[in-house]
Structures are given as C-alpha cells and as structure tokens.
Amino acid sequence: MKTASVLMTALVAGVMSLASQAFAQTVHYPGGKSTFDGKCAVCHQAGGKGMDGLAPPLVEYPGKYAGAADGRAQLGHTVMYGMFGPIKVKEKSYNFKMPSFASLSDEEIADVLNYVVFDLNAQHGTAKPFDAAEVKAWRAAPLDQTAVHQRRDAVVKGLGL
Ligand code: HEC
C-alpha cells in the first residue's frame, strides 16, 4: 500500500512538472516575445523575472493592472514614456530609470504588453488583449517619466496592490 501511494505521489508530481513545463513553453505572442527578448530582458531578465536593484519583476503586477482601464494605461505609459522614481514590488525597492520606448510602433507596444500580461503573468483575470488603437489613444497625451511614476502610486492604491 505504502509503495503504491509513494508511486502515485511520484507519478502525480511528474505529470504536474510536465504540465508546468508545457505551460512555460507556450508562447501566445511570439512577436511580443521577440521585442521583449531584444529590448526589455536586458533589465527585466528573460521571462520578466526581474533583477534586484535593477528592474522589477513583471510577472504579477502587469496581470493585475490589465483588468482595469487605469492599470492598462499605466502599462502603456510606462513602456511608451518610461518611469523615474522609487517603486516597491513585493517588498523590494527599485529606483532606476525605465527608458522610453516611444519609438516602437503602436502594434509593437500592444504586442509586447500582450506577451508580458498573457504569457508571463499566470493570472490576468478577465483582461482583454491590447491592440494598436488602444495604444494610439495613450500616445495622444504625452507624459513625462515623473508623471508616470506619480500615476503608478495612484493605480497601485486604487487596485489595492
Ligand atoms: C534600462 C533598463 C530597463 C529596460 C531596458 C526596460 N525596463 Fe521596464 N523598468 C525598468 C525599471 C528600473 C523600472 C522601475 C522604474 C522606477 O523605479 O520608477 C521598470 C518598470 C517597468 C514596468 C512597470 C512595473 C510596475 O510594477 O509598475 C513595466 C510594465 C515595464 N518596466 C516594462 C518594460 C518593457 C515592456 C520593456 C521593453 C520594451 C522594458 N520595461 C524595458 C527598467 C527597464
């Protein structure tokens, strides 16, 4: 009996680890991934796992931001205009500069956000994918990096993060 249950546990663990590997390898937004790997991973690291003292992980907050209009705009503004000022993510502080990626096209920004939210965040509620039209609307009202930082405080409080 005991051997059977140990075997069963091992089997279940094996199946679960296979399932999580399959999950990790499924990329729904390959174009967004290639932008991310080429332009973002140098700071945020592959898979958006972040690096202490350099750039925050992107595997939890973006998924939570994406369900609310303010949060979506915050994601877009951060990528388009950058962000400057201290932030805290999961009790860790970051205070380095997120550069502006305004030179990316609306499609590229939508695609990289889709990769971050839907491929890197395990949870994204009922968020719908980003598209170029949504990005275009944000581009119409430029913000500086300090304003993006101030808005983040309000968004994080508003969402209770
Ligand atoms: C030079 C390093 C660097 C690069 C390159 C970079 N980032 Fe960032 N990113 C940061 C830093 C630093 C912060 C936090 C800024 C702060 O402390 O105000 C940040 C913040 C963010 C945030 C906000 C996270 C939050 O919790 O509010 C998002 C989203 C983000 N980056 C996405 C991206 C994407 C997408 C790219 C590529 C197009 C990218 N970053 C490229 C350094 C970088």
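Arg152 is buried, its relative accessible area being 7%; buried means under 20% relative accessible area, exposed over 50% and partly exposed in between (1.4 Å probe, protein chains only). The model is predicted, so local features need pLDDT of at least 70 and side-chain atom pairs count only at pLDDT 80 or more, while totals for chains, interfaces and linings use all residues. Residues are numbered from 1 along each chain as its sequence is written, and side-chain values use heavy atoms, with hydrogens and water left out.

**Overall fold.** The chain has seven helices and two strands; helices (H or I, at least four residues) and strands (E, at least two) are DSSP runs, numbered from the N terminus. Along the sequence the pattern is α-α-α-α-β-β-α-α-α. Of the 161 residues, 40% count as buried. Among contacts with a separation of 6 or more, 67% come from residues 24 or more positions apart, a contact being heavy atoms within 4.5 Å.

**Helix 7 and Arg152.** Arg152 lies in helix 7. Not counting residues up to four places away in sequence, Arg152 touches Tyr61, Tyr65, Gln74, Met83, Ile87, Lys88 and Val89. The side chain of Arg152 makes a polar contact with that of Tyr65 at 3.2 Å; a polar contact is a pair of N or O atoms within 3.5 Å, where within protein one must be able to donate a hydrogen and the other to accept it, and residues adjacent in sequence count only if both atoms are side-chain atoms. Arg152 and Asp70 are 82 residues apart in sequence, with their C-alpha atoms 9.3 Å apart in space.

Buried residues of helix 7 include Ala147, Val148, Val155 and Val156. The buried residues of this helix pack against helix 3 (61-65), helix 4 (69-81) and strand 1 (87-89). At the start of helix 7, a side-chain oxygen of Asp144 comes to within 3.1 Å of the backbone nitrogen of Thr146. After the helix comes Gly160, whose phi is positive, near 65°.

**Helix 2 and the iron site.** In helix 2, Gly32, Thr35, Phe36, Cys40, Ala41 and His44 are buried, and helix 5 (106-120) is part of what covers them. His44 (NE2) and Met98 (SD) coordinate the iron atom of the ligand at 2.0 Å. This pair links distant parts of the chain, 54 residues apart: His44 is in helix 2, and Met98 is in the loop between strand 2 (92-94) and helix 5. Both His44 and Met98 are buried.

**Gln45.** Helix 2 is followed by Gln45, whose phi is positive, near 70°. Gln45 belongs to the loop between helix 2 and helix 3 and is buried, with a relative accessible area of 17%. The side chain of Gln45 reaches the backbone oxygen of Val42 at 3.4 Å. Leaving out residues up to four places away in sequence, Gln45 touches Phe36, Cys40, Gly50 and Met51.

Note on methods. Donors are N, O and S atoms within 2.8 Å of the metal (3.2 Å for Na, K and Ca); water is not among the atoms, so sites may look incomplete.
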